[in-house]
Structures are given as structure tokens and as C-alpha cells.
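Hi there,

Here is the structure I promised to pass on. Have a look at it first, and my notes follow below.

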Amino acid sequence: MKVIYTEAQKKHYPKNFLSSGAPQPNPEIPERADRLLAAAQSAGLTHKEPGDFGDAPLAAVHTPEYLQFLQRIHTRWQRIPEASDEVMPNIHPARRGGAYPLSAVGQVGYHVCDSACPISAGTWESARWSAMTAVQAAHEVLEGEGACYALARPPGHHASQDLAGGFCYLNNSAIGAEVLRSRYGRVAILDVDVHHGNGTQEIFYERPDVLTVSLHADPVRFYPFFWGHAAERGKGRGLGYNYNLPLPRGMTDKDYLQVLDRALLRVGAFSPGALVVALGLDAYEGDPFQGLAITTDGFARIGDRIAGLQLPTLIVQEGGYLCDGLGANLASFVQGFRDKHKR
Ligand SMILES: [Zn+2]
């Protein structure tokens with residue numbers, strides 16, 4: 001199995017985010033990628049650089065005005081007298097009408113839904129290359145690799161068609177899924193990050209060709225709060241093609257694996273041609289976000305169960321933050337997955 005990654009993903013180095021109203025060091029830092037790459041290689045994965053597939057795979061998921069915004073906003077922002085170094089919203093329109101502001105400040109409010117997504121000079125380049133890891137890994141799968149790991153950083157699953165949030169700018173898992181759709185009519189996305197994949201849900205919410213399934217800490221008391229509830233089941237032709245499994249805080253391996261089995265049954269019933277695993281490692285018991293309590297060994301068992309589907313599989317890195325177990329958890333997942341996956 002290969003790990004797809006390039007150093008350009010480290011140019012995005014966000015300094016701060018607001019936590020309970022207070023500025024805190026942003027935990028989505030380049031060192032995450034160093035640790036995950038080392039762990040992937042120690043688990044036997046071969047490193048490959050992503051190719052540049054152009055902007056079309058990004059445009060298949062994100063609106064043109066959002067892509068233009070991400071690309072240009074930092075330069076525009078610097079022209080505002082006394083503006084902050086990093087682009088940060090100071091307006092949060094809960095309900096946006098059809099109008100699109102011309103002002104940079106207005107557009108930041110329109111496109112960035114929380115304070116976890118500062119945009120610096122290197123953000124666009126890193127987010128774009130992060131997405132390219134998913135595109136490259138999806139192509140590896142299309143070309144016959146049974147599975148491939150995209151070390152996507154910054155992560156993506158909170159980003160919707162036109163909205164950044166929760167450290168995410170471009171939705172790498174959704175972008176990878178769309179590449180897989182070029183061959184496989186039906187693709188399932190299974191999100192095991194501790195946070196609900198609200199961006200991914202939003203992107204495919206009215207579609208029956210991509211099943212979205214997410215296991216996550218119950219949003220009644222956990223980010224992203226407004227999405228991820230069991231009653232959100234899809235809309236229109238997509239009704240029944242979104243499956244949320246909100247979990248009580250602190251859930252441990254045994255109970256989690258039972259819920260995972262329900263999720264996998266649903267994926268199996270959808271009969272997809274390929275699978276995308278949105279692999280957050282922040283469900284770990286030692287992760288700073290403290291949402292669930294999965295052990296390092298638990299990740300091996302999660303990998304084992306998912307591999308049991310025996311589907312062509314694109315694994316996309318989502319969350320998982322600096323803590324002693326971060327690398328070991330990835331290695332454990334990969335090992336559990338590879339031992340079972342026969343393709
Ligand atoms: Zn997360």
C-alpha cells in the first residue's frame with residue numbers, strides 16, 4: 001500500500017483559533033503530517049508524491065467563487081489597513097441569502113463558518129496539495145491498487161461546497177469520492193473521525209449515488225453542534241443515503257465496534273463499488289479533543305472490520321492531533337486493515 005503526501009502541505013501553518021472565546025494555539029500544525037508520514041512508513045507503506053491534476057477535481061465539489069476566494073483572499077486581506085496577518089472572519093451570517101458581498105470582510109464571513117480556519121499566505125497551496133493527495137490516491141485505486149492512503153493535511157471533512165470550518169478548507173474525502181465515481185457508479189464514505197463530517201454530509205445530502213455514514217461524538221455537546229444528529233437522513237433523492245451515528249462521550253472500543261458493525265451493514269446494503277474511509281484518529285482516548293476513548297489496539301480492530309467489506313478503498317486522513325499515540329494509532333489502523341484486506 002502507498003502513502004501519498006508532499007511537503008507543500010506544510011506551508012499552511014495556522015497560529016491561533018478561538019476556543020471558548022480565548023485565543024489558543026491552533027492544533028492543526030505541520031508536525032501532524034511529519035508524525036503520520038513516519039508512522040505510515042514504519043507500517044510498511046511506500047511514499048509517493050501526488051501529481052498535479054489541475055483544478056477540475058476541486059471544482060467537481062466546490063463552487064467557483066469559493067475556490068477563487070481561497071486562492072486570492074490572503075493577498076486582498078493584506079491591502080486592508082491594520083488587518084490581521086491571518087485572515088479571520090468577524091461576521092458569521094447564520095442564514096445567507098442569494099447575494100454575494102464584494103467586500104473581503106464580507107466574503108470571509110460568507111465562506112468561513114468558525115474561527116478554526118485562519119488563512120495565511122500558504123493556506124491555498126497546502127489545501128490544494130492536500131486535495132491532490134486524495135486525487136492521486138483515488139487514481140491509484142482506479143488503477144488497481146486495492147487500497148491507498150492519502151495523508152491529507154490540512155483535513156477536509158468539515159468543508160462544504162462553499163464553506164470552510166473546523167481546520168478544513170477543501171473536502172479531500174469528497175473530492176476523492178468524486179474521482180472514484182468516474183469508474184464506480186456508487187461510492188460510500190465512512191467517516192470515523194470523532195467529529196461529524198458535516199461538510200461531506202452537506203455535499204452529498206441530496207444524492208443517492210454517494211452514501212455518507214458518520215460515527216462521531218454526539219453533537220448535542222460536541223463540535224460541530226448543528227449537524228450530525230440521527231434525524232439528518234438526506235433530502236429529496238438523497239433521503240435515506242445519509243446515516244449518522246452519534247455516540248455518547250467517552251465510548252470505549254467494545255461498544256464502538258458494535259456501532260461500527262451497524263454502519264458497515266448499511267454500507268454493505270448500499271452495495272458500493274468503492275469505499276472512502278475518512279480516517280480521523282481523534283476518537284483516541286488520549287486525543288486532546290477527548291470525545292471518545294478508542295485505544296491504539298481499537299484502531300487495529302476498526303481497520304480490520306472495515307477491510308472486511310473487501311472493497312477498493314481510499315483512506316483519507318482527517319483529524320487526529322498531537323499526542324503520544326498519534327503515529328501508533330495510524331500504524332495500528334493500517335496493520336489491522338492490511339491483514340484483512342484481500343484485494
Ligand atoms: Zn475531528
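**What I found**

Setting aside neighbours within four places in sequence, Glu 28 is in contact with His 12, Pro 14, Arg 153, Pro 154, Pro 155, Phe 167 and Tyr 321 (contact means heavy atoms within 4.5 Å). Before going on, please note that this is a predicted model, in which local features need pLDDT of at least 70 and side-chain atom pairs count only at pLDDT 80 or more, while totals for chains, interfaces and linings use all residues. Residues are numbered from 1 along each chain as its sequence is written, and side-chain values use heavy atoms, with hydrogens and water left out.

Back to Glu 28, which sits in the loop between strand E3 (22-25) and helix H1 (31-42). Helices (H or I, at least four residues) and strands (E, at least two) are DSSP runs, numbered from the N terminus. Glu 28 counts as buried because its relative accessibility is 0% (buried is under 20% relative accessible area, exposed over 50% and partly exposed in between, with a 1.4 Å probe and protein chains only). Its side chain makes polar contacts with the side chains of Arg 32, at 2.7 Å, and Arg 153, at 2.8 Å. A polar contact is a pair of N or O atoms within 3.5 Å; within protein, one must be able to donate a hydrogen and the other to accept it, and residues adjacent in sequence count only if both atoms are side-chain atoms.

Strand E3 also pairs with strand E2 (residues 16-19): the two run antiparallel and are joined by 4 bridges (two strands pair if DSSP finds at least two bridges between them). Asn 16 stands opposite Pro 25 in E3. The hairpin of E2 and E3 has 2 residues between the strands, and Ser 20 takes a positive phi near 50° there.

Asn 172 lies in helix H6 (residues 172-181). With a relative accessible area of 0%, Asn 172 is buried. The side chain of Asn 172 makes a polar contact of 3.4 Å with the side chain of Ser 130, and one of its polar atoms lies 3.2 Å from the backbone oxygen of Pro 154. Beyond four places in sequence, the contacts of Asn 172 include Ala 127, Ala 152, Gly 156 and Val 316.

Next, the sheet. It is open, has 8 strands in the order E4-E1-E5-E10-E9-E6-E7-E8, and its pairing is parallel. Strand E4 (46-48) and strand E8 (242-247) are the edges, each pairing on one side only. From one strand to the next, the twist averages 20°. Strand E7 (residues 210-217) runs parallel to E8 and is joined to it by 6 bridges, with Thr 212 opposite Asn 242 in E8. Helix H8 (residues 253-270) lies across strand E6 (187-191), E7, E8 and strand E9 (274-279), at about 175° to E7. Axes here are lines fitted to C-alpha atoms, for helices over the stretch in contact, and angles run from 0 to 180 degrees between N-to-C directions.

Best wishes
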